[in-house]
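Work through the exercises below with the sequence and the 3D view open. Try each task before reading its solution.

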Amino acid sequence: MSKLTLVIGNKNYSSWSLRPWLAMKQFGLEFHEIRIPLWQPETSAKIRQYSPSGKVPVLLHGNQTVWDSLAICEYLAEEFPDIHWWPNDKAPRTLARCISAQMHSGFQNLREHMTMNCRARLSGKGMAIGVQEDIDSIASIWRECRQKFGSDGDMLFGKFTIADAMFAPVALRFVTYGVQLDNIARNYVDALMALTALQQWLKAAEVEEEIISKYEL
Ligand SMILES: N[C@@H](CCC(=O)N[C@@H](CS)C(=O)NCC(=O)O)C(=O)O
């Protein structure tokens, strides 16, 4: 079996990197990690050594290069079919795929105004036009998943799936910006925060030295 290598950005700031990293850790895959700090003079050239898109994350596996967070998760789901990447049943699996794609392509206001900054505590900041609507939509998605399919655990579909990896950076944003949440959303954020792998990511983010000023409100 070829070695897996995941190329990521700063743990404090790179929300897209966190998604496949968390899924891989959570499912116990062994992988080598290459961290490229973002927004430095040499960043672009370094990322381009690995990534045709010029962005992280990128997965290297044998002679395969896989870029883009969701494509990486889907690739791994094909490579390691015995792992519970998606819910087993069709209805929850379809919903999990829809909300993962929706996260991947949507919630622009939240992503733009509440950028991921794991270390920071910026309560009350970032609430620009459209952000509360994004928060409400996300809380409603979480409620639907938890109420319809979450009885088997604390994650959106009970057990951890790719959908949780996709929303984990949102949970971190809600913590950073002190977002008010209903009980279901709050409990879900707490459950994500309790994951050992996520705590490992946060510890590593804590000791990173780079400061990206545009993400420090
Ligand atoms: N749609 C991509 C987004 C990747 C992305 O925007 N990555 C950012 C870091 S979080 C990046 O590489 N930025 C560096 C740059 O744009 O130069 C994914 O899901 O992986």
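## Exercise 1: Two helices

The crossing of α4 and α7 is left-handed. This is a predicted model.

Task: Find the angle between helix α4 and helix α7, and decide whether the two are roughly parallel, roughly perpendicular or oblique.

Solution. Step 1: locate helix α4 at residues 90-105 and helix α7 at residues 162-176. Step 2: their axes are 9 Å apart and form an angle of about 25°. Step 3: angles under 35 degrees count as roughly parallel, so α4 is roughly parallel to α7. Step 4: list the residues that make the contact; α4 contributes A96, I99, S100, M103 and H104, and α7 contributes I162, A163, M166 and F167. Step 5: sort them by class, which gives seven nonpolar, two polar and no charged residues.

## Exercise 2: Around the ligand

Task: Identify which residues come nearest to the ligand, and which element supplies the largest share of the shell.

Solution. Step 1: there are 15 residues around the ligand, and S14, W16, K55, D68 and S69 come nearest. Step 2: α1 and α3 are the elements that give two or more residues to this shell. Step 3: the largest share is that of α1, with three residues. Step 4: the classes in the shell are five nonpolar, eight polar and two charged.

## Exercise 3: Backbone exceptions

Task: Determine whether the peptide bond from V56 to P57 is cis or trans, and whether the phi of W39 is positive or negative.

Solution. Step 1: recall that most peptide bonds are trans and that most residues other than glycine have a negative phi. Step 2: the bond from V56 to P57 has omega near 5°, and it is cis. Step 3: P57 is in the loop between α2 (43-48) and β3 (58-61). Step 4: W39 is not a glycine, yet its phi is positive, at about 60°. Step 5: W39 is in the loop that runs between β2 (32-35) and α2.

Key. Residues numbered from 1 in each chain as written. Predicted model: local features only at pLDDT ≥ 70, side-chain atom pairs only at ≥ 80, totals over all residues. Axes fitted to C-alpha atoms, helices over the stretch in contact; angles between N-to-C directions. Helix = DSSP H or I, 4+ residues; strand = E, 2+ residues; numbered from the N terminus. Parallel < 35°, antiparallel > 145°, perpendicular 65-115°, else oblique. Left-handed = near helix turned anticlockwise from the far one by under 90°. Contact = placed C-beta atoms within 7 Å. Nonpolar A, V, L, I, M, F, W, Y, C, P; charged D, E, K, R; others polar. Near = placed C-beta within 6 Å.
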